[in-house]
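The tour goes stop by stop.

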Amino acid sequence: VWIMRKQTVPKPNRVTPFGEIVAVPERGTFMGNRGILHDEAGLIRRPWQLKRWLVCVLEFRGRKRTVMTPNRYTELFFLDEATALAAGHRPCAECRHARFIAFCNAWMTANPGKRASRRATAPEIDNRLHPERVGADGSKRTFSARLDDLPNGVFITRPEVGDLAYLVW
């Protein structure tokens, strides 16, 4: 007797630290979105639709969604928060409110010149982040720096050993 197990092919909705959307079996600890990226067949047709790239918790207030429902935002999954941030996403102001406030405070520190009495707004941050994450040709922007100058939580590549991502910690 042969027992056939249904094999599921992973959907192309996992995000790498490079911001690429891939189909791999590994599950994520966070979900996010960039708008409606997939078509009726569940194929990714564009890398983003909106400047609002969010990272959310997997469960929030009992909300249920069918992943990659046609004409609904594309659920993207991240291995961890460091991956989501490296890919260019920011914490959701609703489901990750405390992390969003911490992110806003850090953003204000890194972007002096704003009034100290005013908190940065999500659209203001998104409008500033988008050109910092995406180059003029649509590619992921990267920067060169000395390893000693980088903070914990940053991903780096070492071209001499291939195009893998390494987390600085």
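With which side chain does the side chain of R34 make a polar contact? Select R34 and H89: their side chains make that contact at 3.0 Å. A polar contact here is a pair of N or O atoms within 3.5 Å; within protein, one must be able to donate a hydrogen and the other to accept it, and residues adjacent in sequence count only if both atoms are side-chain atoms.

Before going on, some ground rules. This is a predicted model, in which local features need pLDDT of at least 70 and side-chain atom pairs count only at pLDDT 80 or more, while totals for chains, interfaces and linings use all residues. Residues are numbered from 1 along each chain as its sequence is written, and side-chain values use heavy atoms, with hydrogens and water left out.

**Stop 1: the whole chain**

Colour by secondary structure. The protein chain has 3 helices and 8 strands. Helices (H or I, at least four residues) and strands (E, at least two) are DSSP runs, numbered from the N terminus. From that end, the order is β-β-β-β-β-α-β-α-α-β-β. The C-alpha trace spans about 70 × 45 × 30 Å along its principal axes.

Now colour by accessibility. Of the 169 residues, 35% count as buried. Buried means under 20% relative accessible area, exposed over 50%, and partly exposed in between (1.4 Å probe, protein chains only). For contacts between residues at least 6 apart in sequence, 53% join residues at least 24 apart. Contact means heavy atoms within 4.5 Å.

**Stop 2**

Go back to R34. It lies in the loop between β3 (30-33) and β4 (54-56). R34 is buried, yet it has no salt bridge. A salt bridge is a side-chain nitrogen of Lys or Arg within 4 Å of a carboxyl oxygen of Asp or Glu. Which side chain of opposite charge is nearest to R34? Select E20: it is 9.6 Å away. In this charge count, Lys and Arg are positive and Asp and Glu negative; His and the chain ends are not counted.

Next, show P47. Its backbone oxygen lies 3.0 Å from a polar atom of the R34 side chain. Then widen the selection. Leaving aside neighbours within four places in sequence, the contacts of R34 include V15, I21, W48, W53, L76 and A87.

**Stop 3: the tryptophans**

Select W48 and W53. The count of aromatic pairs comes to 1. The ring centres of W48 and W53 are 6.0 Å apart and the planes are at 50°, so the pair is tilted. Rings of Phe, Tyr and Trp (its six-membered ring) pair if their centres lie within 6.5 Å; planes under 30 degrees apart count as stacked, over 60 as edge-to-face and the rest as tilted. W48 is partly exposed, at 23% relative accessibility. W53 is buried, at 4%.

R34 lies over the face of W53, at 4.0 Å from the ring centre. R133 also lies over the face of W53, at 4.2 Å from the ring centre. A charge sits over a ring if NZ of Lys or CZ of Arg is within 6 Å of the ring centre and within 35 degrees of the ring normal.

**Stop 4: salt bridges**

The structure holds 11 salt bridges. Select R61 and E94: their closest N and O atoms are 4.0 Å apart. R61 lies in the loop between β4 and β5 (76-78) and E94 in the loop between β6 (90-91) and α2 (97-110), so the pair ties together parts that are 33 residues apart in sequence. R61 is exposed, at 67% relative accessible area. E94 is partly exposed, at 41%.

Now select E81 and R96, whose salt bridge is 2.8 Å, N to O. E81 lies in helix α1 (residues 81-87) and R96 in the loop between β6 and α2, so this pair links parts that are 15 residues apart in sequence. Both E81 and R96 are buried.

Move to D148 and R146, with closest N and O atoms 3.8 Å apart. D148 is exposed at 65%, and R146 is exposed at 52%.

**Stop 5: F78**

Select F78, in strand β5. Is F78 buried or exposed? Its relative accessibility is 0%, so F78 counts as buried. Not counting residues up to four places away in sequence, F78 touches V15, F30, L54, A84 and H89, among others.
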